[in-house]
Amino acid sequence: MSLLLPQGTSVPASAQQINAQEPPPVPGQKFIPHRQFRSGVFLPDAVLANPRLSCGAKLLWARLARYAGVNGVCFPSCQTLGTDLGCSARQIQRYVAELVDAGFITAKQRGFNKSNTYTFIWHPDLDDPPRKGPHRATD
């Protein structure tokens, strides 16, 4: 494993393996989430900071991205998505409509009583760099 560090900087061998020898966190104890989880969702800053999308639509975008994998297309049912996000299938339909209207995804019906096919669309907002630099963690 190679680490990209400024010239002349070294990392102790014990720090090269993240959380390798630390005990698992205890409920209520402080922990550092960076690289802690092997699965989950990612939400680009451009989507997260978009004022035209509701919180639910942003969360749905992230969940659909997780289902889409490497090809950018997925077809989970509204019932499945509702279970994942803790809301009704009807609310998922509203969030889908929001994302479609904003131009972040397309939704195409696959047939009667079948789930939609969701395809991610490159949105101009995704070209814009974040307004601020990333926050630095403090000790």
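Analyst: Let us begin with two helices: α2 and α4 are roughly perpendicular to each other (angles under 35 degrees count as roughly parallel, over 145 as roughly antiparallel, 65 to 115 as roughly perpendicular and the rest as oblique). Helices (H or I, at least four residues) and strands (E, at least two) are DSSP runs, numbered from the N terminus. The model is predicted, so local features need pLDDT of at least 70 and side-chain atom pairs count only at pLDDT 80 or more, while totals for chains, interfaces and linings use all residues. Residues are numbered from 1 along each chain as its sequence is written, and side-chain values use heavy atoms, with hydrogens and water left out.

User: At what angle do helix α2 and helix α4 pack, and how far apart are their axes?

Analyst: In general, two packed helices are described by the angle between their axes and the distance between the axes. Here α2 (residues 55-68) and α4 (residues 89-102) meet at about 85°, and their axes are 9 Å apart. Axes are lines fitted to C-alpha atoms, for helices over the stretch in contact, and angles run from 0 to 180 degrees between N-to-C directions.

User: Which residues of α2 and α4 make the contact?

Analyst: Contact means heavy atoms within 4.5 Å. From α2 come Gly56, Ala57, Leu60, Trp61 and Leu64, and from α4 come Ile92, Tyr95, Val96, Glu98 and Leu99. Eight of these residues are nonpolar, one is polar and one is charged; Ala, Val, Leu, Ile, Met, Phe, Trp, Tyr, Cys and Pro count as nonpolar, Asp, Glu, Lys and Arg as charged, and the others, Gly among them, as polar.

User: What order do the strands of the open sheet have?

Analyst: Two strands pair if DSSP finds at least two bridges between them. The three strands lie in the order β1-β3-β2, with antiparallel pairing. The edges are β1 (73-74) and β2 (105-109), each of which pairs on one side only. Five bridges link β2 with β3 (residues 116-120), and two join β1 to β3. Gln109 has Asn116 as its bridge partner in β3, and Cys74 stands opposite Tyr118. The helix α4 packs on this sheet, touching β2 and β3, and its direction makes about 120° with that of β2.

User: Where is Asn113 found, and is Asn113 exposed or buried?

Analyst: Buried means under 20% relative accessible area, exposed over 50%, and partly exposed in between (1.4 Å probe, protein chains only). Asn113 lies in the loop between β2 and β3 and is exposed, at a relative accessible area of 73%. Although Asn113 is not a glycine, its phi is positive, about 60°.

User: With which residues is Asn116 in contact, leaving aside its neighbours within four places in sequence?

Analyst: They are Cys74, Phe75, Pro76, Ala107, Lys108, Gln109 and Arg110. Asn116 counts as partly exposed, at 21% relative accessibility. Its C-alpha atom is separated by 5.5 Å from that of Phe75, 41 residues apart along the chain.

User: What pattern does the protein follow along the sequence?

Analyst: The four helices and three strands follow the pattern α-α-β-α-α-β-β. Buried residues make up 22% of the 139 residues.
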